[in-house]
Amino acid sequence: MSYKNTRGAIGQYASVKNAAGIEEASPHRLIQMLMEGALEKIAQAKGFMEGGDIPNKGRHISWAISIIDGLRISLDKDAGGDIAENLDSLYEYMTRRLVEANLRNDKSILEEVSGLIIEIKSAWDAIPEDVRKQARQPVEEGAQDKVSVIG
């Protein structure tokens with residue numbers, strides 16, 4: 001994943017949370033924050049859906065889609081190989097399902113997408129610290145902005 005792309009993607013989430021800590025966050029933590037942001041927006045959309053607040057439901061679903069798109073464009077398919085390709089397909093599926101949830105006003109679809117994000121986040125959270133540190137190491141001289149991780 002390009003560290004610079006990750007920073008751009010976190011912009012989708014930065015307006016939700018206080019920007020303090022984002023600048024110092026590792027690429028690994030940035031991905032966690034994006035996933036947390038998407039889960040938060042989906043939960044809020046569900047609440048608005050249940051309350052009949054259609055405009056806010058749609059706004060929060062759109063926000064979750066933007067965050068997922070940020071995760072998707074941050075994938076480094078060269079470094080990530082099949083895993084990155086599979087995540088790309090899964091993120092695209094989630095986006096389609098969120099659009100469908102919005103159109104159908106179907107909270108079960110929101111729950112499905114949340115479950116998928118939680119599953120990915122659980123695996124991401126389980127990455128050992130030594131692997132995270134290794135991924136932050138520059139691949140070559142002058143490559144401080146590039147890390148070999150996937151989102």
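Read along the sequence, the protein follows the pattern α-α-α-α-α-α. The model is predicted; local features need a pLDDT of at least 70, side-chain atom pairs count only at pLDDT 80 or more, and totals for chains, interfaces and linings use all residues. Residues are numbered from 1 along each chain as its sequence is written, and side-chain values use heavy atoms, with hydrogens and water left out.

The protein has six helices and zero strands. Both element types are DSSP runs numbered from the N terminus (helices: H or I, at least four residues; strands: E, at least two). Confidence was examined next. The pLDDT, the predictor's confidence in each residue from 0 to 100, averages 82 over the protein. A score of at least 70 is reached by 74% of the residues. Over residues 139-150 the pLDDT is below 50. That stretch still has 27 contacts in the model beyond near neighbours in sequence, a contact being heavy atoms within 4.5 Å. Where pLDDT is low, the predicted coordinates should not be read in detail.

Of the 151 residues, 42% are buried. Buried means under 20% relative accessible area, exposed over 50%, and partly exposed in between (1.4 Å probe, protein chains only). The protein exposes about 7,800 Å², and carbon and sulfur atoms supply 50% of this area. Accessible areas come from the Shrake-Rupley method with a 1.4 Å probe; for residues, only the protein chains shown count as cover. Among contacts between residues at least 6 apart in sequence, 64% join residues at least 24 apart.

Helix H5 spans residues 107-125. Its 19 residues reach 26 Å from first C-alpha to last, close to the 27 Å expected at 1.5 Å a residue. The expected span is 1.5 Å times one less than the number of residues. The buried residues of H5 are Ile-109, Leu-110, Val-113, Ser-114, Ile-117, Ile-120, Lys-121 and Trp-124. Seen down the axis of H5, these residues fall within an arc of 135°, so they line one face of the helix. The arc is that of the directions from the helix axis to the C-beta atoms. Cover for the buried residues of H5 includes helices H2 (27-50), H3 (54-73) and H4 (77-104).

Lys-46 lies in helix H2. Its relative accessibility is 23%, so Lys-46 counts as partly exposed. Lys-46 touches Lys-107, Leu-110 and Glu-111, not counting residues up to four places away in sequence. The C-alpha atoms of Lys-46 and Ser-108 are separated by 9.2 Å, although the two residues are 62 apart along the chain.

Salt bridges were then counted. The criterion is a side-chain nitrogen of Lys or Arg within 4 Å of a carboxyl oxygen of Asp or Glu. The count comes to 11 salt bridges. Lys-121 pairs with Glu-36, with the closest N and O atoms 3.6 Å apart. This pair links distant parts of the chain: Lys-121 is in helix H5 and Glu-36 in helix H2, 85 residues apart. Lys-121 is buried at 13% relative accessibility, whereas Glu-36 is partly exposed at 26%.

Asp-88 and Lys-77 also meet in a salt bridge, at 3.3 Å from N to O. Asp-88 is buried at 11% relative accessibility; Lys-77 is partly exposed, at 35%. In the Glu-100 and Arg-97 salt bridge, the closest N and O atoms are 2.9 Å apart. These two residues are three apart in helix H4, and therefore separated by about one helical turn. Arg-97 is buried at 18% relative accessibility. Salt bridges that share partners join Arg-29, Glu-36, Lys-121 and Asp-125 into one network.
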